[in-house]
Amino acid sequence: MRLRLVVPGYDDLRAGGGSGLALTEYRPAFEDILRSETLYAYAARQPEARQFSGRAPVYAVAIPGCGDVVIRHSMRGGLIGKTGSDLFLPPTRALREVVIPVLRTYPAVRIWHAGCSTGEEVYSAAILLREEGLYDRCQLYATDINEAVLRQARRGEVPLAAMRENTRNYIEAAGRQAFARWYSVRDDRAVLDPELRRNIVFAQHNLATDHSFNEFHLIVCRNVLIYFNRALQDRVHRLLYQSLIRFGFLGLGAKETIRFTPHEAHYQEMPERLYRKVA
Ligand SMILES: C[S@@+](CC[C@H](N)C(=O)[O-])C[C@H]1O[C@@H](n2cnc3c(N)ncnc32)[C@H](O)[C@@H]1O
């Protein structure tokens, strides 16, 4: 099946685009929508629809027999869409309780957030490391295929409306200080302390085609693999495995697992979808 994706900010993912990534490798998020009756009803009504319309992000999918259809879908709330304005999501707590004590034993620490999107994940880690007094010996790399989300990540701003939820997450993840200490308010945005960025390198990297660029003590690759088909997942798992030091940690998303991958036997399972490379 040929898939075409048209999402503002995801232009570089377009089939044949500069990323070198064949969209057919993406396990459809689309699979779910493809099965949905709403989509078929919509497709039947507008078989040749292919344009982004309105302000909401829109996916265009080619379905055999239906032509390209356009699916309106909010970026916040599902599918590829969740660019995440949430800080301190799992495995933040496990990072604090399980990983940090181990990182403490290394004089220098390298951390990779692969598929970091708009950066909430890496800023959460930076806050954690600051609070634990480890930040200065850490180098963090935050990569994504999409330059547009990286630009947003570099700004380090979060919608103010999300801060109540973020504060709750912070407390649940055993936050150590008053969370408000980590941001200032500008208009409708929370601007994260620029000092948090000091040891973070934001860079474009395509997990489907690019190679590793270092060896890491911790890699977080959350909610990225679920969008890949099996072959691509295996490729990325190999890349992540090869990029971890022995006894390094891998953090995945809530619906992702190392089980049933070629590297299952090489990891020990820990809380919150965290895995430790043991072989
Ligand atoms: C659902 S977001 C997850 C963001 C973040 N890790 C989180 O859990 O909040 C998926 C991210 O993966 C990125 N992505 C998709 N395909 C990728 C690829 N081949 N290489 C690197 N990043 C990719 C997307 O651009 C998007 O930012």
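Residues are numbered from 1 along each chain as its sequence is written. In this predicted model, local features need pLDDT of at least 70 and side-chain atom pairs count only at pLDDT 80 or more, while totals for chains, interfaces and linings use all residues.

**Helix α4**

Start by selecting residues 120-131, which form helix α4. Helices here are DSSP runs of H or I with at least four residues, strands are runs of E with at least two, and both are numbered from the N terminus. α4 has 12 residues and reaches 17 Å from its first C-alpha to its last, close to the expected 16 Å; the expected span is 1.5 Å times one less than the number of residues. Because 11 of the 12 residues of α4 are buried, the helix is largely enclosed by the rest of the structure. Among the buried residues are Glu 120, Glu 121 and Arg 130. Gly 133 follows α4 and has a positive phi, near 70 degrees.

**Where α3 meets α4**

Axes are lines fitted to C-alpha atoms, for helices over the stretch in contact, and angles run from 0 to 180 degrees between N-to-C directions. Show Thr 92, Leu 95 and Arg 96 of α3 with Ser 124, Ala 125 and Leu 128 of α4, which make the contact; residues are in contact if their C-beta atoms, placed from the backbone, lie within 7 Å.

**The seven-stranded sheet**

Next, colour the open sheet with the order β8-β4-β3-β9-β10-β12-β11, whose pairing is mixed. Two strands pair if DSSP finds at least two bridges between them. β8 (200-204) and β11 (267-270) stand at the edges, each with a single partner strand, so one side of each has no neighbour in the sheet. The twist from one strand to the next averages 20 degrees. Zoom in on β3 (residues 109-114) and β9 (residues 216-221), which run parallel and are joined by three bridges. Ile 111 stands opposite Leu 218 in β9.

**The three-stranded sheet**

Finish with the open sheet β5-β7-β6, where pairing is antiparallel. Its edge strands are β5 (157-159) and β6 (183-186). Three bridges join β5 to β7 (residues 189-192), and Val 158 stands opposite Ala 190 in β7.

Conventions
Contact = placed C-beta atoms within 7 Å. Buried ≥ 20, exposed ≤ 12 C-beta atoms within 10 Å, placed from the backbone.
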